[in-house]
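Subject: Structure handover

Hello,

Here is the structure you asked about. Please open it alongside this note, which goes through the findings in turn.

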Amino acid sequence: MSEPFDLLIEGGTVIDGTRAPRFDADVGVRDGRIAAVGDLRGRAAQRRLAAHGRIVAPGFIDAHTHDDLALLARPDMEFKASQGVTTVVTGNCGISPAPLEADTPTPAPLSLAVGGPRQRFGSFAAYLQALRDAPAALNAAPLLGHTTLRARCVADLQRSATEAEIAAMRTHVQQALDAGAIGVSTGTYYPPAAAASTEEIIEVCRPLSGSGGVYVTHMRDEQDAVLQSLDETFRIGRELGVPVVVSHHKVTGQANWGRSTETLARIGQAMQCQCVALDCYPYTAGSTMLHNDPVRLLGRVLIAHSEPHPQMAGRDLDDIAREWGVAKLEAVRRLQPASAIYFMMDEADVQRILAFEHTMVGSDGIPQGERPHPRLWGTFPRVLGHYSRKLGLFPLETAVWKMTGLTARNFGLADRGRVAEGAAADLVVFDAERVIDTATYEEPKRAADGIETVLVNGVPVWARGQATGARPGQVLTRRG
Ligand code: ZN
Ligand code: CU
């Protein structure tokens with residue numbers, strides 16, 4: 001007789017994360033790993049979970065998050081666990097909470113994401129140690145942010161870094177990689193990094209070469225110059241000889257609507273000669289810091305969060321300005337620090353990008369304030385329920401692959417993202433007929449329907465519509 005399983009998931013239909021067609025199988029879990037997949041009737045188990053009529057899939061990997069501090073501050077991570085997410089890739093858009101000193105200035109968007117002086121970590125290793133000392137419910141796969149490095153090392157953020165500053169940043173990159181960072185992210189779209197030249201980025205990221213790490217970027221421009229931004233990204237990848245990930249790919253500004261045909265063609269072309277990956281979220285509105293640049297305030301702007309005026313969350317910037325009797329830019333000034341939701345994309349582009357064969361799913365959720373963008377709670381069930389089941393954009397097997405196997409491969413997360421013997425037991429059991437997002441712009445903090453049980457490293461973290469309180473999350477490092 002073989003050893004009993006810790007948990008036996010019985011009678012479900014497996015979608016294994018490879019895009020292969022679903023099949024009926026039981027899944028046996030032991031010591032945090034998947035011990036067997038197949039007909040396991042009659043096998044001994046400590047606990048059993050009936051999954052008849054349900055899909056058993058690899059836990060979802062959120063390719064793009066800003067959950068760095070939420071993992072510590074809100075370790076149950078309900079907003080992600082409730083979606084079936086088991087791993088979050090952190091440190092995106094150039095923003096990571098380490099390495100920062102207590103007195104490092106943190107202009108927006110850093111201010112929104114790195115927290116107060118007591119939540120700062122002087123080294124990347126210290127941040128990872130904090131995650132290990134107080135584990136969250138979910139796994140974390142952390143990136144190091146270049147904007148954070150600029151805040152720490154560059155005296156004047158209005159210019160490119162000097163040789164000495166580049167050398168200092170490069171040392172931090174090497175140290176973070178040694179500690180286990182899975183790569184480096186940039187956010188040249190944002191003021192503190194916009195002045196960084198392509199050469200600065202290449203020289204700062206040198207240690208990525210040959211490390212197995214990835215280069216991930218919120219590009220300089222997702223509007224008129226989106227093709228040039230793609231070319232810059234590809235050049236950085238080629239010069240470093242590393243895989244690149246284009247974050248939350250989109251084309252914004254009405255004049256550019258429809259141009260995803262061009263960008264996807266350009267990405268497809270580049271993929272012939274180098275490793276390129278991309279992610280996107282399934283919404284036509286974006287969300288980020290509240291800009292004080294008028295061209296970024298065209299169109300409808302909804303306040304998601306304001307530190308001095310929390311009661312303005314959920315309201316239109318235009319209305320606030322009118323109520324206060326001030327110009328829009330003055331209202332922006334008074335609301336800071338703040339984040340906002342911008343309606344700026346075309347649904348046809350969103351669908352074309354999401355359906356593109358190589359696109360991963362990433363939420364880009366910002367876990368802050370009372371009125372976050374609904375992507376924080378809704379992204380994964382929305383792709384499964386709205387885009388796959390209702391609109392038929394792609395089969396469920398493809399939807400699952402875009403949030404599991406594809407993502408694990410692109411970020412080098414060994415043993416994750418598939419239902420197979422020996423893989424980590426990150427699993428989600430869901431109802432394919434019922435799964436759907438319920439979070440809206442008006443009521444964004446609502447858990448999805450149809451996500452029934454979520455296991456991280458073999459331990460249930462979400463069941464019967466709530467967090468279990470278990471915190472089995474691990475730090476997934478490059479050599480982990
Ligand atoms: Zn971004
Ligand atoms: Cu982001």
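Buried here means under 20% relative accessible area, exposed means over 50%, and partly exposed lies in between (1.4 Å probe, protein chains only). Helices (H or I, at least four residues) and strands (E, at least two) are DSSP runs, numbered from the N terminus.

This is a predicted model, where local features need pLDDT of at least 70 and side-chain atom pairs count only at pLDDT 80 or more, while totals for chains, interfaces and linings use all residues. Residues are numbered from 1 along each chain as its sequence is written, chains are lettered from A and ligands numbered from 1 in the order in which they are written, and side-chain values use heavy atoms, with hydrogens and water left out.

Helix α10

Ser260, Thr263, Leu264, Ile267 and Ala270 of α10 are buried. They cover an arc of only 120° around the axis, so they sit on the same side of α10. That arc is taken from the directions from the helix axis to the C-beta atoms. The buried residues pack against α9 (226-240), β13 (276-280) and α13 (347-355). The length of α10 also checks out: its 12 residues should span 16 Å at 1.5 Å a residue, and its end C-alpha atoms are 16 Å apart. The expected span is 1.5 Å times one less than the number of residues.

Cys93 is in the loop between β7 (85-90) and α3 (110-113), and His248 is in the loop between β12 (244-246) and α10 (260-271), so the pair ties together parts 155 residues apart in sequence. Both Cys93 and His248 are buried. For Cys93 the relative accessible area is 3%.

Cysteines

A disulfide is a pair of cysteine sulfur atoms within 2.5 Å. By this rule there are zero disulfides. Cys205 is in none; the nearest cysteine sulfur, that of Cys153, is 13 Å away. Cys205 is buried, at 0% relative accessible area.

Two buried strand residues

Asn139 lies in strand β8 (residues 139-142). Its relative accessible area is 0%. The side chains of Asn139 and Asn457 make a polar contact of 3.0 Å. Gly183 lies in strand β10 (residues 183-187). Gly183 is buried too, at 0%. A polar contact is a pair of N or O atoms within 3.5 Å; within protein, one must be able to donate a hydrogen and the other to accept it, and residues adjacent in sequence count only if both atoms are side-chain atoms.

Backbone

Most residues other than glycine have a negative phi, and most peptide bonds are trans. Some places here depart from that. Ala108 and Pro109 are joined by a cis peptide bond, with omega about 5°. Gln336 to Pro337 is also cis, with omega near -10°. Arg19 has a positive phi, near 85°. Arg19 is partly exposed, at 37% relative accessibility. Arg464 has a positive phi of about 50°, and at 78% Arg464 is exposed.

Best wishes

Conventions
Contact means heavy atoms within 4.5 Å.
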